[in-house]
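User: Hi! I'm new to this one and would like a quick tour. Could you show me the structure and then take some questions?

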Amino acid sequence: MVLKLLVIHPEQEFRDFIQAYLTYKGHLAKTAADCIDGFSAAIHMKPHLIIINKDFKGLDAKGFLIKKIVNKVTENLPVFVLGDFSPIEIVEFKKMNVMAFISQPVNPVILTERISQLFGHSLPPVKKTTPMLFDLHARGNIIVIQVEGNLEPEKIEIMHYLIRKFCHEKEISRPRLFYIVPSLYPECLTDENIALLFKIRTFPELTIPVEHIKLLTGVGKLEEIIRQDLDLKQIETVSDFFSGLQTLQLDFDKKKSIPVEFLKKGFIYIFDLFDTGGKRIIPSLSPVTGQMLDYIRENGVSYVSYYSDMEPEEIEKDAEDFDALTDEERAMNTLLGAYEPITQDTGSISTWDDKLTLFFRSLKGQKVLVFTPNPELKSIIKRDLEVYFKIKFHENGDDFSTEFERESYSLMFLDSSIGDEPIVTALKKIREKASRRKTSIIILADHIHKASVIRFRDAGTDNIIATPFTARRLLLKIFDSISADRRT
């Protein structure tokens with residue numbers, strides 16, 4: 001059964017990304033930019049599920065849901081809400097047929113698993129092949145994109161979302177792209193995958209002429225497919241790291257000058273240097289000699305110019321040291337040092353490692369026991385973990401021993417607010433019945449002293465997570481704790 005999904009979100013990049021991602025997962029996805037258009041779309045589309053951002057200017061998700069439940073067409077449609085929520089908000093939203101609360105940034109893998117859970121669909125199998133790996137770095141308007149291993153449509157969509165979000169935040173409309181592709185599985189090299197890899201050229205807010213794209217690759221089949229594509233065949237393939245970054249860094253809209261008296265004999269400059277009349281006077285990577293300097297002075301040249309936003313001290317290198325480096329070292333030392341990573345938790349989404357997906361699916365249905373008197377903490381744990389676990393809550397340590405004797409649990413959470421003594425007592429009783437290989441225990445701490453950490457460790461656990469308790473931090477802590485405990 002193909003599910004019809006309506007996504008209502010104010011951010012264009014997120015709408016485009018999530019529509020492509022859900023479509024790839026086999027759903028029919030449509031989007032709307034605000035709650036007014038979203039309500040009209042819901043009436044006409046009659047989706048199986050509405051996914052809506054909590055916050056909008058004007059009519060927000062709460063107003064949308066109030067309007068939804070008084071309309072015969074939409075009143076019974078289930079809803080997922082994206083955002084951060086207080087316990088009171090969760091109670092209010094649940095009265096309006098909200099079936100799930102998805103934390104920001106949205107994890108697309110967990111979102112699709114919540115959809116499968118809601119409609120009773122089996123989870124898709126985890127691929128056994130090496131996943132697609134990518135790294136994104138940027139300096140100014142130049143973005144270095146390294147891809148290897150595999151080409152997976154959903155990962156490419158995530159990569160494009162991160163680039164678009166970065167460009168939006170930095171107000172970049174004409175980025176320059178340097179693709180580095182060391183290796184790819186032959187079976188993933190299809191015309192469709194390659195077209196998707198370079199799909200970023202089609203996004204309306206970006207202008208990327210082919211001369212502003214460079215490709216460094218050792219994958220002959222990739223080059224072959226590009227050369228046969230009418231839209232992509234003019235992309236230049238470069239021979240090494242340095243030449244690719246050097247040509248992209250050259251920008252005739254950005255002119256900088258160096259006074260002649262600052263030129264250094266025996267140094268090289270990574271860009272051509274021009275005189276005031278626009279004549280190239282010192283070629284790039286050519287050591288400056290005494291004769292060159294004499295000629296420049298004799299011709300009355302007071303400064304030379306180059307075209308880049310890099311500073312003069314960044315483009316000059318001692319010729320002897322520079323010649324001793326490999327091409328890769330030249331690129332790394334000269335240009336990449338100024339490049340910063342584009343994080344994979346930017347904006348409205350976060351990525352999810354394939355090994356974590358496999359790990360949590362293997363735990364699906366196992367029992368988790370939580371001791372906390374904090375209603376907000378209960379809501380966070382229930383919201384973020386119930387897709388994988390069967391969760392039982394207790395408010396204080398008094399019920400602890402009885403509950404643990406009644407059933408077996410693979411994971412337990414203890415809120416430090418219960419107090420050190422009850423926690424230590426409980427830990428000792430648990431460890432009498434279950435080793436760390438059988439039951440992992442995580443302490444949820446607002447503030448915790450070193451002495452408490454030592455006592456907890458001696459009593460049975462050194463797994464501690466401090467506030468804030470975000471979904472990603474909780475899941476990563478569970479992964480680390482269970483992986484370490486099962487090895488003990």
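Predicted model: local features only at pLDDT ≥ 70, side-chain atom pairs only at ≥ 80, totals over all residues.

User: Great, let's start with the second largest pocket. What is its volume?

Analyst: The second largest pocket has a volume of about 420 Å³. It is lined by 24 residues, and the closest to its centre are Ser103, Asp384, Thr470, Ala471 and Arg472.

User: Which element gives the largest share of that lining?

Analyst: That is helix 15, with four residues. Strand 5 (98-102), helix 5 (108-118) and helix 19 (471-487) also give two or more residues each. By type, the lining has twelve nonpolar, five polar and seven charged residues.

User: Changing topic: how many residues are in the largest nonpolar core?

Analyst: There are 87 residues in the largest nonpolar core, and Met159 and Phe413 have the most contacts inside it. Helix 6 (residues 153-170) gives the largest share, eight residues. A second, separate core has 22 residues, including Ala32, Cys35, Phe85 and Phe101.

User: And what is Phe413 in contact with?

Analyst: Setting aside neighbours within four places in sequence, the contacts of Phe413 include Val368, Phe371, Leu385, Ile442 and Leu474.

User: Now helix 8. Which of its residues are buried?

Analyst: In helix 8 (residues 220-227), the buried residues are Leu222, Ile225 and Ile226. Viewed down the helix axis they fall within an arc of 100°, so they line one face of helix 8. They pack against strand 8 (176-181), helix 7 (191-197) and strand 9 (213-217).

User: Last topic, the backbone. Where are the cis peptide bonds you can tell me about?

Analyst: One joins Gln104 and Pro105, with omega about -5°; Pro105 is in the loop between strand 5 and helix 5. Another joins Thr467 and Pro468, with omega about 0°, and Pro468 is in the loop between strand 22 (463-466) and helix 19.

User: Which loop holds Glu171, and what is its phi?

Analyst: Glu171 lies in the loop between helix 6 and strand 8. Its phi is positive, about 55°, although Glu171 is not a glycine. Most residues other than glycine have a negative phi. Glu171 is also exposed, with a relative accessible area of 75%.

Key. Residues numbered from 1 in each chain as written. Heavy atoms only, no water. Buried < 20%, exposed > 50% of the residue type's maximum accessible area, 1.4 Å probe, protein only. Arc of directions from axis to C-beta. Contact = heavy atoms within 4.5 Å. 1 Å grid on protein atoms, 1.4 Å probe; cavity = no way out; pocket = protein on both sides within 12 Å on 5 of 7 lines; lining within 4 Å. Points joined across faces, edges and corners; volume = space filled by probe spheres on them. Nonpolar A, V, L, I, M, F, W, Y, C, P; charged D, E, K, R; others polar. Core = buried A, V, L, I, M, F, W, Y, C linked by side-chain atoms within 4.5 Å.
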